Amino acid sequence: MAKKFNNHWTYKILAAFFGVIIITGAIHVLAMNLSLATAFERHIGRMGGGIQGMMGGFRGSSLYQSLMSAVNESMLVSAIIAFFIAGIAALVISQRITKPVKSLTKASQKIARGDYSYRISEKEIPSDELGQLAVCFNQMAKELESIEGMRRRLIGDISHELRTPLTAIKGSMEGLIDGVLPSNQSTFQQIYREADRLQRLVEDLQELSRVDSGTFTLNKKPVDIEEVLKIATAPFTSSFKKKGVSLESQLDQDLPKISVDADRIQQVLQNLLGNALRFTPTKGHVIISIRKESSKVIFSIGDDGVGIEKEHLSHIFERFYQADKSRSRANGGGSGIGLSIAKSLVEAHGGEIHAESVGKGKGSTFSFTIPA
Ligand SMILES: Nc1ncnc2c1ncn2[C@@H]1O[C@H](COP(=O)(O)OP(=O)(O)OP(=O)(O)O)[C@@H](O)[C@H]1O
Ligand SMILES: [Mg+2]
């Protein structure tokens with residue numbers, strides 16, 4: 001009984017209502033008895049000694065007795081009606097509370113079992129505080145569903161990316177074993193390239209997970225922008241020359257020192273430079289420009305290479321997204337992780353990164369900001 005009482009709102013509300021009725025009724029009866037006696041005596045007193053004499057003293061009078069019993073009877077009737085109304089009110093109120101709570105319980109059980117698409121229907125959402133809770137719950141479920149989707153896609157993407165070079169390595173090895181492929185420099189180089197890609201992919205994934213989980217620490221120090229750029233571009237000069245792509249820098253005069261983790265900013269610059277080189281054909285141009293605008297320094301890397309179509313532009317910062325996988329592969333490309341890492345690193349510094357391109361074949365410009 002006590003368990004049932006504790007487990008249901010209807011009983012709790014009913015008990016609260018009944019309690020209020022009983023206490024109010026008791027106070028009412030007490031007050032009536034006290035005030036009625038004095039009021040009756042005062043009234044009779046005002047009517048004169050004659051009537052008192054007629055009645056033989058009011059305390060024992062039948063008029064007072066019958067008045068009291070009439071009052072008590074009416075109190076009893078109103079108490080019974082009040083109990084009845086309280087019962088109905090408790091039922092209605094508890095229904096209003098428990099219905100959305102039951103929907104929430106059902107929804108949370110579904111989500112706990114992995115059904116992330118389950119939502120509390122609009123019809124079941126009231127406009128009160130419980131309704132707000134249900135709306136928040138639906139938003140949480142939506143977020144969980146998108147995170148779960150991302151997790152599934154990520155596993156799919158990673159396994160696909162790992163499978164490609166592994167299949168190539170296995171195929172080449174089989175060819176060598178069967179004697180179909182010649183065991184010469186070119187075959188070994190082909191296998192080495194795939195193994196190298198595999199290694200880079202694993203390293204990039206490791207880096208991405210570090211950056212994403214925020215387990216890396218930024219070693220921020222005031223640095224000279226020109227110095228950072230020099231270190232970032234140094235490893236690229238020969239590759240640019242070899243491919244016949246010019247690399248130019250345009251820096252504002254009096255650039256301030258910025259407080260950054262120099263290694264990380266160099267990593268961002270190198271990701272963008274690597275892409276610019278990969279996606280710009282021979283005789284192309286890549287221009288790095290750095291300028292200060294109000295409270296930030298803007299780094300831009302522009303090229304006149306293959307460009308990015310509008311439909312791809314909004315996705316290229318997503319993990320594993322490549323506008324043209326085959327072109328990327330043909331140009332010694334990776335797996336579409338570079339820009340995701342660059343974005344996380346820039347955002348960790350409190351900056352923003354974005355890409356612009358007029359369209360295919362019209363070049364692209366990647367810009368990122370760092371608070372000055
Ligand atoms: N400068 C650019 N010009 C044209 N397309 C670009 C340029 N930079 C990036 N992209 C497009 O954005 C995609 C994602 O770039 P991202 O750097 O993330 O991956 P990736 O270079 O293909 O591989 P990874 O960086 O992992 O080696 C590229 O595959 C390409 O389609
Ligand atoms: Mg890249």
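Hi everyone, let me start with helix H9, which gives the largest share of the lining of the largest pocket, 9 residues. Helices and strands here are DSSP runs numbered from the N terminus, helices being H or I with at least four residues and strands E with at least two. Before going on, please keep in mind that this is a predicted model, where local features need pLDDT of at least 70, side-chain atom pairs count only at pLDDT 80 or more, and totals for chains, interfaces and linings use all residues. Residues are numbered from 1 along each chain as its sequence is written, chains are lettered from A and ligands numbered from 1 in the order in which they are written, and side-chain values use heavy atoms, with hydrogens and water left out.

So, back to that pocket. By pocket I mean, on a 1 Å grid over the protein atoms alone, an open set of points with protein on both sides within 12 Å along at least five of seven lines; a cavity is a set where a 1.4 Å probe fits but cannot get out, and lining residues have an atom within 4 Å of a point. Grid points are joined across faces, edges and corners, and a volume is the space filled by probe spheres set on the points.

How much space lies in the largest pocket? About 1,200 Å³. Its lining counts 47 residues, and those nearest the centre are Asn271, Gly274, Asn275, Arg278 and Phe279. Elements that give two or more residues to this lining include helix H6 (185-213), helix H9 (262-278), helix H12 (338-348) and strand E7 (364-371). By class, the lining has 17 nonpolar, 17 polar and 13 charged residues. For those classes, Ala, Val, Leu, Ile, Met, Phe, Trp, Tyr, Cys and Pro are nonpolar, Asp, Glu, Lys and Arg are charged, and the others, Gly among them, are polar.

The second largest pocket has a volume of about 300 Å³. It is lined by 14 residues, with Met150, Arg153, Phe317, Glu318 and Arg319 closest to its centre. Helix H5 (129-178) and H12 are the elements that give two or more residues here. This lining divides into 5 nonpolar, 2 polar and 7 charged residues.

Now to the packing. In soluble globular proteins, nonpolar side chains tend to be buried together. I call a residue buried under 20% relative accessible area, exposed over 50%, and partly exposed in between, using a 1.4 Å probe and protein chains only. A nonpolar core is then a set of buried Ala, Val, Leu, Ile, Met, Phe, Trp, Tyr and Cys residues joined through side-chain atoms within 4.5 Å.

The largest nonpolar core has 46 residues, and Leu269, Phe299 and Phe368 have the most contacts inside it. H9 turns up again, giving the largest share of this core, 8 residues. Which residues does leucine 269 touch, leaving aside its neighbours within four places in sequence? Val228, Leu229, Ala232, Phe299, Ile301 and Phe368, with contact meaning heavy atoms within 4.5 Å. Another core lies apart from this one, with 9 residues, among them Leu104, Ala107, Ile120 and Ala141.

Just after H12, glycine 350 takes a positive phi of about 85 degrees.

Last, the aromatic pairs, of which there are 4. Rings of Phe, Tyr and Trp (its six-membered ring) pair if their centres lie within 6.5 Å; planes under 30 degrees apart are stacked, over 60 edge-to-face, and the rest tilted. Phenylalanine 18 and phenylalanine 83 have ring centres 4.7 Å apart and planes at 90 degrees, so this pair is edge-to-face. Phenylalanine 18 sits in helix H2 (residues 9-46) and phenylalanine 83 in helix H4 (residues 62-112), so the pair ties together parts that are 65 residues apart in sequence. Phenylalanine 18 is partly exposed, at 28% relative accessible area, and phenylalanine 83 is partly exposed at 26%. Phenylalanine 236 and phenylalanine 240 also pair edge-to-face, at 6.3 Å centre to centre and 70 degrees between the planes, and both of these residues are buried.
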